[in-house]
Amino acid sequence: MLLLHLVTALTTLVCVSESYTIRSSVSWAVTSDVVDEELDTHSDEAPAVLVDNIGIWKQAYPSSVYRDASEKKPEQISKSEDVSSASRVFSYRMEEVKVPSSIPTPPPHEETARVARYMAHYSDWGHLATISTQDQIKGLPFGNIFSVSDGPADNSTGVPYFYVTPMDNTVTDLRSFPFASLTFSEAEGDFCRKQVYDPEDPRCARLTLTGKMVEVGPEELDFAKEAMFSRHPVMKKWPPGHNWFFMKLVLQQVWLQDWVGGVSVIPLEEYFKATPF
């Protein structure tokens, strides 16, 4: 009887293996032709994502940078070349990022102007909302994530700077209607997590800066470059063919919620007088 059960189990496994393939503990039915194609590991063809002629990174990083490494035989690749060229394209040495050795704890919540400047300076990215020009949602709000900097690590201005391309939908929106809102959340760092605050908890501060997005003029272009590239050095590698340029948000309102019981609209004069340090 035991032998019969074993034979039955083995037969079932063989039958199943002929029509299913396993990926990350999830299986689905496939034909034998597909299995043979997927198991072919000797193809010299580069992945489609790397040779896409319209891909955003194509101009600066052609597929040849990946193919050179793939054409080498395993015994020809040294230990120093274990990491693929693809990973090096988007990497940079962490010491190039000029950040404080330790980010200080937030100011007391009642010092609203300081809290706002703290968030504007120590946030590396934010959510920018514009009025859309896209056909299907024309005139509706549209949000996008952007890397930002209000200055190098030791020089906070309170004014967010951006490095953008005309190919971005948000930039198209801004050319039609240049006003936008930029939102930061204290949940970006470790503070809310350590305090076990949900991102929507009013004690987990959120800051929304609203104003007009303008292109950075030549008189402050060097500062904008230092502000962005010191905090986001990988940007220096981005494809030049996409006509990147610098923008900044000229503030009209500073809105903050950092405690229970309501929000604060901080006068611009108080905001710019405060310091995040």
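Is Ser156 buried or exposed in this structure? Ser156 is buried, because its relative accessible area is 13% and buried means under 20%. The model is a predicted one.

**Ser156 and its surroundings**

Ser156 sits in the loop that connects strand S4 (141–147) with strand S5 (161–164). Two polar contacts involve its side chain. One, of 3.0 Å, is with the side chain of Arg117; another, of 2.6 Å, is with the side chain of Asp150. When residues up to four places away in sequence are left out, Ser156 touches Arg117, His121, Asp150, Pro276 and Phe277.

**Helix H7**

Helix H7 covers residues 169–176, and its buried residues are Thr170, Val171, Asp173 and Leu174. Seen down the axis of H7, these buried residues fall within an arc of 155°, so they line one face of the helix. Arg175 and Ser176, on the other side of H7, are exposed.

What do the buried residues of H7 pack against? They pack against strand S3 (125–131), S4, S5, strand S6 (179–185), S7 and strand S8 (245–257). S4 and S5 are also the strands on either side of the Ser156 loop.

The N-terminal end of H7 is capped by Asp168, which places a side-chain oxygen 2.8 Å from the backbone nitrogen of Thr170. Thr170 is also one of the buried residues of the helix.

**Glu215 in strand S7**

Glu215 belongs to strand S7, which spans residues 206–215. With a relative accessible area of 55%, Glu215 is exposed, because exposed means over 50%. Apart from neighbours within four places in sequence, Glu215 is in contact with Phe245, Phe246 and Met247. Glu215 and Met247 are 32 residues apart in sequence, yet their C-alpha atoms are 4.3 Å apart in space.

**Salt bridges**

How many salt bridges does the structure hold? There are 6 salt bridges. Side chains of opposite charge can pair when their charged atoms come close.

| Arg114 (26%) | Glu111 (31%) | 2.9 Å |

In the pair Arg114 and Glu111, Arg114 counts as partly exposed at 26% relative accessibility, and Glu111 counts as partly exposed at 31%.

Where do Lys273 and Glu269 lie? Both are in helix H10 (residues 268–273), 4 residues apart, which is about one turn of the helix. An α-helix has 3.6 residues a turn, so residues three or four places apart point the same way.

Definitions and conventions:
Residues are numbered from 1 along each chain as its sequence is written. This is a predicted model: local features need pLDDT of at least 70, side-chain atom pairs count only at pLDDT 80 or more; totals for chains, interfaces and linings use all residues. Side-chain values use heavy atoms; hydrogens and water are left out. A salt bridge is a side-chain nitrogen of Lys or Arg within 4 Å of a carboxyl oxygen of Asp or Glu. Buried means under 20% relative accessible area, exposed over 50%, partly exposed in between (1.4 Å probe, protein chains only). Helices (H or I, at least four residues) and strands (E, at least two) are DSSP runs, numbered from the N terminus. A polar contact is a pair of N or O atoms within 3.5 Å; within protein, one must be able to donate a hydrogen and the other to accept it, and residues adjacent in sequence count only if both atoms are side-chain atoms. Contact means heavy atoms within 4.5 Å. The arc is that of the directions from the helix axis to the C-beta atoms.
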